[in-house]
Amino acid sequence: MIRLALAATTLATLAACVPPPAEVGRGLYAESCTACHGATGKGDGDLAGNLGKPVPDLTQLSARNGGTFPRTYVMGVIDGFSREGDPHSVMPEFGAGMEDDMLVPVDTGDGRATPTPAPLVALAAYLERLQE
């Protein structure tokens with residue numbers, strides 16, 4: 001019984017040290033996305049005018065997808081998987097930098113849980129919160 005209580009206390013302490021996913025996603029967005037997409041996700045970041053093509057308004061992803069946030073697509077774009085080999089893409093591929101991060105199961109729409117880097121999931125969740 002004492003071991004169980006000690007384990008629960010240890011887990012609670014560790015959990016308190018880990019930022020909530022919303023904070024992780026917000027931090028990743030601020031660090032890696034605002035330069036092009038802007039602080040509010042509207043595509044008006046400081047570098048947006050220097051890219052040679054319009055920067056997407058990330059607040060309209062759900063609206064452009066029939067009212068449903070396209071989480072799997074968004075994670076594929078961020079990761080670089082869905083843009084692999086696209087010579088016209090100006091967005092950096094962030095997947096390689098997340099390969100060693102903790103993996104969490106994500107249902108990608110086919111009913112199976114796919115191991116996905118936790119920061120990628122957190123960033124997609126943050127983008128979902130930006131939808132108008």
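This is a predicted model: local features need pLDDT of at least 70, side-chain atom pairs count only at pLDDT 80 or more; totals for chains, interfaces and linings use all residues.

Modeller: Residues are numbered from 1 along each chain as its sequence is written, and side-chain values use heavy atoms, without hydrogens and water.

Colleague: Why is the pair of Tyr-29 and Tyr-126 called tilted?

Modeller: Rings of Phe, Tyr and Trp (its six-membered ring) pair if their centres lie within 6.5 Å; planes under 30 degrees apart count as stacked, over 60 as edge-to-face and the rest as tilted. The ring centres of Tyr-29 and Tyr-126 are 5.5 Å apart and the planes stand at 45 degrees, so the pair is tilted. Tyr-29 belongs to helix α2 (residues 21-32) and Tyr-126 to helix α5, 97 residues apart; helices here are DSSP runs (H or I, at least four residues), numbered from the N terminus.

Colleague: What makes a residue in the lining of the largest pocket nonpolar, polar or charged, and how many are there of each?

Modeller: Ala, Val, Leu, Ile, Met, Phe, Trp, Tyr, Cys and Pro count as nonpolar, Asp, Glu, Lys and Arg as charged, and the others, Gly among them, as polar. The lining of the largest pocket accordingly has 19 nonpolar, four polar and three charged residues. In the second largest pocket, the lining comprises six nonpolar, five polar and one charged residues.

Colleague: Which helix gives the most to the lining of the largest pocket?

Modeller: That is α4, with four residues.

Methods:
Helices (H or I, at least four residues) and strands (E, at least two) are DSSP runs, numbered from the N terminus.
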